[in-house]
Structures are given as structure tokens and as C-alpha cells.
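Dear colleague,

I am passing on the structure below, and my notes on it follow directly after.

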Amino acid sequence: MSAVIEFKDINKHYDDSDFSIDNFNLDVEEGDIVTIIGTSGCGKTTVLKMINGLIEPSSGEIFINGSPISNADVVELRRGIGYAIQGTLLFPHLTIRDNIAYVPNLINESNEKIESDVLKWINIVGLDESLLERYPHELSGGQQQRVGIARALAASPKILLMDEPFSAVDEITRNQLQKELKQIHEKTGITILFVTHDIGEALYLGDKVLVMKDGAIEQYDTPRNVLRHPKTEFVDKLLERTKIIDQK
Ligand SMILES: Nc1ncnc2c1ncn2[C@@H]1O[C@H](COP(=O)(O)OP(=O)(O)O)[C@@H](O)[C@H]1O
Ligand SMILES: [Mg+2]
């Protein structure tokens with residue numbers, strides 16, 4: 001096993017905030033889904049955005065496949081890293097087809113390849129091909145979220161960053177999307193970092209769960225170990241809700 005993403009002695013401070021990340025070290029193994037959970041404002045989005053260069057660390061280095069990203073061309077870097085967020089931010093003036101084909105078009109893939117990829121991804125995320133000619137506002141929230149995932153995956157990223165992607169959809173849709181994401185992960189083997197505020201989602205989806213508090217790591221472990229051996233009181237508290245559900 002090799003670390004596809006490595007945070008090495010990362011520090012991050014914002015000028016106008018007390019928040020800080022200090023001496024943050026983390027290895028993400030290739031092919032893992034890592035779920036990131038913690039209270040609001042603990043630094044989850046900051047950690048995610050440092051990977052694709054949307055936020056720069058104050059000091060330290062992040063390596064992707066052993067190469068420091070501070071040396072990387074940011075456009076190249078982002079092309080290899082899918083990014084899906086809550087609400088998806090589809091391009092409203094583009095059809096679903098053109099949304100999914102956005103990056104393949106940018107990099108001048110052949111029309112045949114783009115067409116077959118669009119069909120492949122719309123199917124993988126569980127949507128009907130008849131939706132391809134529609135515009136985003138003609139789809140439900142859950143369908144739009146699926147298109148957002150298809151668009152991120154159509155760029156053939158090796159790494160997919162997801163920031164609370166399912167938090168705006170209803171629970172039934174969320175459960176379906178979680179199952180589909182697991183299947184997509186099994187089919188593609190890509191490395192996924194998935195931010196959530198739902199401990200059930202974190203435990204269900206994660207090969208590893210990263211629990212954060214105040215910019216620091218409380219525990220980074222398998223769901224099983226997090227459940228059986230919560231390392232801190234904070235992790236224990238986070239699990240309380242799950243335990244209540246288990247008892248009923
Ligand atoms: N651009 C910024 N300037 C100042 N403070 C920021 C900025 N972005 C985030 N923060 C602060 O950093 C902390 C962590 O933010 P974030 O990583 O977005 O947390 P999370 O995603 O866990 O809710 C928060 O306290 C937030 O207010
Ligand atoms: Mg956030």
C-alpha cells in the first residue's frame with residue numbers, strides 16, 4: 001500500500017481568524033474512501049481544499065503520488081482531482097450532457113469517446129439517458145447531485161474530493177446515493193475523500209474515518225476501530241447517537 005496523498009507538517013492560519021491547523025500529518029492510501037467528520041468549523045473543508053490548491057497551506061507540504069503540489073501546475077493538478085460539493089453547482093446554461101462532458105470537451109477528447117463516456121457515467125450514477133438533453137433546473141435536487149458526481153467522474157480523476165455532497169437531499173435519496181458511491185468506488189478504485197457531518201454516513205462509507213476537532217486529528221482509523229476503540233472523549237460523544245440508534 002502506498003500513500004497517494006500525504007500531508008507533511010502542514011500548518012494553516014487565516015489572517016482574520018483564531019482557527020489554525022498545526023503540524024497536521026496524514027497519509028491517505030491509494031483506493032481508500034476516507035470520510036472526514038467533525039464539528040462545524042473544525043477545518044474539514046480547509047483540509048480538502050488544500051489538496052486541489054484552492055487553499056494554500058501556511059507552511060508544510062502536501063504530496064500527491066510522492067510529488068509536492070507546491071511545484072505542480074494548478075490547472076494540471078485540478079484536472080486530476082474531481083471535486084463535488086453540496087448543491088453541485090452545475091452550469092445552468094448547459095444541458096446535462098454538456099455538463100457531464102465539460103472536462104472531456106476542455107481537453108479535446110474525441111466526440112466518440114465523449115459520447116460513450118457521457119453514457120457510461122449517466123448510467124453509473126443511476127440516471128436515465130433521457131435526461132441528457134434537459135437543463136439542470138429541470139431535474140430534482142437528487143438528480144442534480146448525481147449529475148454533479150457524473151461530471152466529476154467524467155474527468156477520469158484518480159482522486160475525488162467530496163464536500164458534504166449529499167447533505168441537501170432527502171434521506172431516502174441520500175441512502176441511495178451512498179450505495180451508488182460505494183459501487184462507483186468498487187468499479188473505479190479511485191481514492192475518495194468525503195466530508196460529512198453525519199457519523200452514520202462516515203462509518204458506512206469510509207474505509208477509514210478521520211475525526212477532526214479544532215483543526216487537529218482526534219482519530220484516524222477504520223470504522224470498526226472507531227466504533228470499538230474511540231480514542232478520545234470527543235469521538236465517544238460523536239458515536240453516542242449511533243449507539244442510541246443501535247439500541248432501538
Ligand atoms: N478565508 C477564510 N478566512 C478566515 N477564516 C476562514 C476562512 N475560511 C475558513 N475560515 C475559518 O476556518 C475555520 C475552518 O473552516 P472550514 O475548514 O471551512 O471548516 P469546516 O469545513 O470543518 O466547517 C472556521 O473557523 C472558518 O471560519
Ligand atoms: Mg465545510
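Ser156 counts as partly exposed, since 16 C-beta neighbours lie inside 10 Å; here a residue is buried with 20 or more other C-beta atoms within 10 Å of its own, exposed with 12 or fewer, and partly exposed in between, the C-beta atoms being placed from the backbone. Ser156 sits in the loop between helix 6 (141-154) and strand 7 (159-163), and its phi is near 50°, a positive value in a residue other than glycine.

Please keep in mind that this is a predicted model, in which local features need pLDDT of at least 70 and side-chain atom pairs count only at pLDDT 80 or more, while totals for chains, interfaces and linings use all residues. Residues are numbered from 1 along each chain as its sequence is written, with chains lettered from A and ligands numbered from 1 in the order in which they are written.

Asp9, which is not a glycine either, has a positive phi of about 50°; it belongs to strand 1 (residues 3-13) and is exposed, with 12 other C-beta atoms within 10 Å. Most residues other than glycine have a negative phi.

As for the chain as a whole, it has ten helices and ten strands, which are DSSP runs numbered from the N terminus (helices H or I, at least four residues; strands E, at least two). Buried residues make up 37% of its 248 residues, and its C-alpha atoms fill a box of roughly 50 × 50 × 40 Å along the principal axes.
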